[in-house]
Amino acid sequence: MKAALVVAVLALICTALSKQNAKPHESRIPVGGAELYSRDIGHGTAIIVLHGGPDFDHSYLLPELDRLSDSYHLIYYDQRGRGRSADGVKPEDVTLASDIADIEKVRQYYHLDSVVLLGHSWGTVLALEYALRYPGRVSHMILMNPGPASTDDYQQLKKEWLEKRPEDMERRKAISATAAYKEADPDAVVAYYRIHFKPALARSEDYEKLITRMQASFVRQGSAGIIKARAVESRLMSETWAAPEYNLLPRLKSLRIPTLVVTGDHEFIPIPTAEHITQALPNARMVTLKNCGHFSYMESPVAVREQIDAFFAGKMKSAH
């Protein structure tokens, strides 16, 4: 009996160590004549992570989100035409439909019968669009600092930003009019986003951390990559937030998928955005984290982890 107990304990220790020492695996997933760069890490329930933007890649989510990999199998990928999924892609080849189809390709590549979707910001729009298209293939959703699910909410966001931060909006406009910005010089792009994201985080140290990793991403992409990602963003915007009738909210009432909506009390997207999504989804609950802005996984990693664990355990947890 003692020998069996020792073996069992050693097995548990080895399992724990293997989880702690888990290293990411990189893959290339064929899609429509191009390839998606994907990166997966960890063990347990598989979660497909949908990054924001729409012109960013997944790198700004790291390393904080990787902390979930001791209990969850995290699957990241750069959306088509962005980041390391840009080679061989023309901006006109990327549409909302192709982005949804790419999520399905990722699901198939990793042999998942059903998926958990974790979307951040713009990624929440993709999560909702995919769930509406394939409701039977989504087991859970985590909507982190959600972007607007309707043009009305997007217009409200623009109105609030103009009213609350008119000087910042003018400074952004001035930078975007420069030749350096138009030619996608990484320094000019960083200067633009320094202004854009200044009110998005509750603490200055997190803000600097975000800008540092975004700068690295822009330098890695280079001007050509930035320009391509911008063109992709413009195309996706024309199909969603810039389309007068875009509104997912009425359709969300048909989804019974358990959903966790995470936002922060320093969120720079108006709080009704998250509230409207939560109210529209019959099986959703929203938590508002204290001293937290638009990047909750970075700003409040412990609270986010507790909320996600409680969500999968089927337990309600009060916000921190």
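Strands, labelled S, are DSSP runs (E) of at least two residues, and helices, labelled H, are DSSP runs (H or I) of at least four, each numbered from the N terminus. The model in every view below is predicted.

**View 1**
Most peptide bonds are trans, and most residues other than glycine have a negative phi. Start with proline 63, which is placed in the loop between S3 and S4. Its bond with leucine 62 is a cis peptide bond, with omega about 10°. Now find proline 54. This residue also lies in the loop between strand S3 (45-50) and strand S4 (72-77). The peptide bond from glycine 53 to proline 54 is cis, and its omega is near 10°.

Serine 121 is not a glycine, yet its phi is positive, at about 55°. Serine 121 sits in the loop between strand S5 (115-120) and H3. Is serine 121 buried or exposed? Its relative accessible area is 14%, so serine 121 is buried. Alanine 184 is not a glycine either, and has a positive phi of about 65°. Look for alanine 184 in the loop between helix H6 (179-182) and H7. Alanine 184 counts as buried because its relative accessibility is 0%.

**View 1. Leucine 117 is a buried residue of strand S5.**
Leucine 117 belongs to strand S5. With 0% relative accessibility, it counts as buried. Along the chain, leucine 117 and arginine 28 are 89 residues apart.

**View 2. Helix H3 is largely enclosed by the rest of the structure.**
Helix H3 has twelve residues (residues 122-133). How far apart are its end C-alpha atoms? They are 17 Å apart, which agrees with the 16 Å that the helix should span at 1.5 Å a residue. Residues three or four places apart in an α-helix point the same way, because there are 3.6 residues a turn. Eleven of the twelve residues of H3 are buried, so the helix is largely enclosed. Among the buried residues of H3 are Trp122, Leu126, Glu129 and Tyr130.

**View 3. Aromatic rings meet at several angles.**
A pair of aromatic rings is described by two values: the distance of the centres and the angle of the planes. The structure holds 20 aromatic pairs. In one of them, the ring centres of tyrosine 109 and tyrosine 110 are 5.1 Å apart, and the planes are at 75°, so the pair is edge-to-face. Tyrosine 109 counts as partly exposed, at 36% relative accessibility. Tyrosine 110 is buried, at 14% relative accessible area. Now turn to phenylalanine 197 and phenylalanine 268. Their ring centres are 6.0 Å apart and their planes are at 40°, so this pair is tilted. Phenylalanine 197 lies in helix H7 (residues 186-197), and phenylalanine 268 in the loop between strand S7 (259-264) and helix H10 (271-280), so the pair ties together parts that are 71 residues apart in sequence. Both phenylalanine 197 and phenylalanine 268 are buried. They belong to one aromatic cluster, whose other members include Phe56, Trp161, Tyr192 and Phe295.

**View 4. Two arginines lie over tyrosine rings.**
Arginine 84 lies over the face of tyrosine 37, 5.1 Å from the ring centre. Arginine 230 lies over the face of tyrosine 181, at 4.0 Å from the ring centre. Tyrosine 181 is also one of the residues of the aromatic cluster.

**View 5. Helices H4, H5, H7 and H8 each give two or more residues to the lining of the largest pocket.**
Rolling a probe the size of a water molecule over the atoms shows where empty space is left. The largest pocket holds about 830 Å³ of space. Its lining has 37 residues, and Tyr154, Arg172, Tyr192, His196 and Glu233 are the closest to its centre. The elements that give two or more residues are helix H4 (151-164), helix H5 (166-176), H7 and helix H8 (204-239). Which element gives the most to the lining of the largest pocket? H8 does, with eight residues. By type, the lining divides into 22 nonpolar, ten polar and five charged residues.

**View 6. Proline 272 sits within helix H10.**
Proline 272 is partly exposed, at 32% relative accessible area. Aspartate 99 is 173 residues from proline 272 in sequence. From C-alpha to C-alpha, the two are 26 Å apart in space.

Conventions
Residues numbered from 1 in each chain as written. Predicted model: local features only at pLDDT ≥ 70, side-chain atom pairs only at ≥ 80, totals over all residues. Heavy atoms only, no water. Expected span 1.5 Å × (residues − 1). Buried < 20%, exposed > 50% of the residue type's maximum accessible area, 1.4 Å probe, protein only. Phe/Tyr/Trp six-rings, centres within 6.5 Å; stacked < 30°, edge-to-face > 60°. Lys NZ or Arg CZ within 6 Å of the ring centre and 35° of its normal. 1 Å grid on protein atoms, 1.4 Å probe; cavity = no way out; pocket = protein on both sides within 12 Å on 5 of 7 lines; lining within 4 Å. Points joined across faces, edges and corners; volume = space filled by probe spheres on them. Nonpolar A, V, L, I, M, F, W, Y, C, P; charged D, E, K, R; others polar.
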